[in-house]
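Here is a short report on packing and strand pairing. Please keep the sequence and the coordinates open while reading.

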Amino acid sequence: MKKGILLVALFLMLSKASYAQFHVQGIVNGPDKEALEFANVILLSLPDSNMVKVETTDPQGFFNILTEKKGTYALKVMLLGYEDYISKQFDLDDGRTSQTIDCEMQSEAQMLQTVEVKAKVPLLEQRSDRLVVNVEQSLTALNGNLMDVLRKVPGMLIINDQISLAGQSSVTILINGRTTKYMDITAFLKEMPADNIAKIEVIHQPGAEFEASGTGPVINIVLKQNKLYGTNGSVRLGLGKGSFWRYNGSVSLNHRQGNLNLYGSAGYSHNAWQEWLDLDRYIEDDVYSQSTAKPSKPHTKRGNVGLDWYLDDRHTIGLSANGLHSVNDRTNVNTTNIFYGDQSPTTTLVTDNIFDRTWWYVSSNAYYSFKIDTLGQKLDLDANFTTFDRDNSNLIQTRNLSDDDVNFEDQRSAQPGATDIYAIQLDYSKPFNKDISLQTGARWSSASLDNNLISEFFSGGEWVNYPLQSNHFLFDEEIAALYTKLNFKSEDWEFTAGLRYEDSRSEGYSITLDSTTRRDISQLFPSASVSRALTDQIGVALAYSYRIERPSYSNLNPFLYYLDPLTYEKGNPMLRPELTHSFKMSLTYEKQPFFNLEYNRTDNPMALVTEQDLETKAAFATTVNLDKFERWGGSLFFPLDFIKGLSGYGGVMGYYNKYTSDLEGGVYENDQWSVTGFLQASFILPFDIKAEVNGFITSGGQDGIINYESLYGVNVGFEKELLNEKASIRMSIGDLLYKYWYGDIDYGGLVADVSSRWDTQVVNVQFTYRFGNQHLKKRQGRTNSASDEINRAQGN
């Protein structure tokens with residue numbers, strides 16, 4: 001820990017270089033002394049009135065303009081609905097290096113009182129450090145869950161609850177910049193309604209300001225937040241039909257006036273669906289053919305409240321709370337046919353796995369933001385508490401439909417669990433001049449988990465505890481981190497260098513087995529990037545990062561969890577963290593990347609594998625460490641706006657993945673190319689009906705030890721505005737065209753074919769009505785809602 005602090009301190013001292021500069025700062029107010037955001041402040045050189053630089057005011061009306069040249073200047077301020085403001089001339093020289101000017105704008109005599117917000121955000125935004133998918137704008141993301149929304153990310157595959165992006169399975173999921181790694185992420189993603197999600201950010205090369213956890217891309221899910229002034233809200237109702245009917249409804253309300261913003265929303269969702277998983281295992285001359293139908297009918301309630309309070313021009317505080325409650329009682333039905341190589345009669349087993357599942361999620365957040373000066377120096381403090389509790393149970397009953405003596409006792413289990421997470425983060429940013437800036441900060445988090453699996457079997461007319469499957473498991477983890485990041489830019493070059501130090505201490509204790517697993521990791525994680533302009537529009541950028549993926553508590557917990565008598569999952573307390581070196585080269589157009597080349601090398605990659613017990617003939621899933629994973633490839637994005645009447649994007653990704661590991665009896669190698677194409681197009685039909693078509697096709701690929709075949713999917717959506725654009729109705733058809741997922745396994749003596757199917761050709765209809773003020777007032781400042789933890793996740 002001391003070594004990390006000394007290195008960070010050294011980095012800070014080396015970052016103190018600065019250049020001579022002059023700056024002009026001030027505040028732009030309206031005629032009623034209200035702060036005006038988005039005003040254009042232009043620095044003019046005199047006497048020729050040439051434009052030197054333009055800046056835009058922030059939510060408090062502040063602006064700051066930097067220049068390196070002495071001279072005589074004036075300011076011109078412009079904002080729609082106000083008369084232009086021109087300041088008196090002033091000089092900047094060695095005797096006066098700064099000038100403060102407060103500007104008061106006057107309303108135009110014939111000014112419109114309001115202007116309606118009509119800006120359309122594109123579905124896909126390729127920014128310099130991330131890909132942003134604005135799913136709120138998507139016409140094909142209706143009435144679903146968070147898992148459905150993730151499928152809108154180009155290159156994202158979700159098969160049998162396993163998430164991978166362009167062949168990488170170590171994907172880190174954040175909600176508003178906050179971790180989800182201690183939660184039952186599958187239940188969370190599948191049962192959280194999609195109607196409260198604004199956008200998804202895909203960050204392939206996270207910098208030092210992000211946690212080092214996660215060797216693959218970071219997926220940050222940003223929830224909606226109203227930004228309109230005054231009192232306003234919306235009501236949304238949805239109805240859909242796949243294998244089952246689904247329906248949902250929500251209401252949101254926002255009040256923003258003066259220096260206070262209050263907001264809240266509530267919703268209910270019954271998002272039902274059906275999935276199927278088929279597994280054929282070949283054991284010597286016998287074939288075990290297992291097919292499982294997995295219906296799901298969760299009832300989910302959600303709500304959130306919050307406030308942002310702008311104490312003055314420099315200080316802001318905020319409080320917020322989010323909560324979800326879900327009940328998902330269901331029955332999975334598994335049919336197993338055992339075909340014997342000696343031509344004995346087939347054994348047919350039917351298993352009902354009856355689930356009672358309930359979980360609660362509550363997250364509360366408080367933040368404080370201090371704008372130290374108008375040059376951009378800022379301090380942010382953020383504190384968060386999250387709790388995730390569950391009360392699950394299941395009953396497994398197996399019937400033998402054959403005339404043989406293969407029988408299994410009934411089993412049941414209770415799985416209560418509680419998770420508490422505390423986190424606090426401090427961030428400081430300091431621009432030394434227009435070319436050099438520094439970010440630094442510290443973070444501390446603590447997670448405490450208590451999971452108690454109580455397993456019983458029915459014998460002799462009563463339920464008897466099964467100690468080999470029961471396990472009371474406690475897990476505690478603390479992570480302390482320091483980071484610093486230096487940014488430098490010149491006329492043609494931009495450079496960033498980041499260093500993060502993390503000290504993590506975790507302990508897993510099985511009360512049942514009286515077994516303790518401790519893991520302490522202290523490590524430095526560097527990151528860097530450099531870019532250069534080749535022409536006025538074309539540039540090249542290089543980036544590097546070093547990251548870690550720690551085993552989750554559920555993977556370390558050495559329990560057995562049965563899905564049916566011949567299939568179960570188990571933990572692995574011997575898992576080691578995986579470490580990844582990541583390199584990326586990008587070509588940019590107007591500083592937006594459109595072509596990328598990547599190389600990743602991961603040591604000790606964690607992979608979900610399927611193995612089998614040759615004595616019991618049961619198959620089980622567990623996570624193991626392989627020796628090495630390498631990935632080469634690239635991506636190309638292109639817009640469709642050059643086609644008249646069409647907007648959207650297209651792209652292609654191609655990656656080569658290779659796993660290598662020593663196994664008993666030899667070396668395991670598995671490698672495969674995967675090429676994925678994707679397209680999203682929006683256009684206008686007659687009667688002003690908006691339409692959207694999106695789809696993907698992949699050549700097949702590799703997911704851990706599984707090689708899978710090609711698959712594709714096409715979705716369509718439509719929207720019509722009603723009631724003077726206060727209401728809208730949307731309709732979508734998911735997987736109008738599709739191919740299911742098929743794969744094969746040849747690993748450690750296991751040879752198997754596996755397939756996954758899901759609801760297709762699902763029809764959804766959604767009605768939205770917006771009430772209250774849907775305009776921005778011109779004579780009152782519009783203040784952005786503040787959620788600094790989200791801003792940090794967005795890199796702002």
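The sections below cover a predicted model.

## Nonpolar cores

The largest nonpolar core holds 35 residues. Within this core, L150, I200, I219 and I221 touch the most other members. Helix 2, residues 146-150, supplies four residues, the largest share of the core. A second, separate core has 22 residues. Among them are L279, L711, A752 and V754.

What does I221 touch, leaving aside residues up to four places away in sequence? The list is L146, L150, I173, L174, I175, N176, I197, K199 and I200. In soluble globular proteins, nonpolar side chains tend to be buried together.

## Around Q25

Q25 lies in strand 1, which spans residues 22-29. Is Q25 buried or exposed? Its relative accessible area is 18%. Q25 therefore counts as buried, because the cut-off is under 20%.

The side chain of Q25 makes a polar contact with the side chain of T100 at 3.4 Å. Beyond four places in sequence, Q25 touches F63, N64, Q99, T100, I101, T374 and L375.

Strand 48 (residues 711-722) pairs with strand 49 (residues 727-738). The sense is antiparallel, over nine bridges. V716 has I733 in strand 49 as its bridge partner. The two strands form a hairpin, with four residues between them. In the turn, L723 has a positive phi of about 50°.

Strand 49 also pairs with strand 52, residues 762-772. This pairing is antiparallel too, over eight bridges. Here I729 has F767 in strand 52 as its bridge partner.

Notes. Residues numbered from 1 in each chain as written. Predicted model: local features only at pLDDT ≥ 70, side-chain atom pairs only at ≥ 80, totals over all residues. Heavy atoms only, no water. Core = buried A, V, L, I, M, F, W, Y, C linked by side-chain atoms within 4.5 Å. Buried < 20%, exposed > 50% of the residue type's maximum accessible area, 1.4 Å probe, protein only. Contact = heavy atoms within 4.5 Å. Polar contact = N/O pair within 3.5 Å; in protein donor to acceptor, adjacent residues only side chain to side chain. Pairing = 2+ DSSP bridges.
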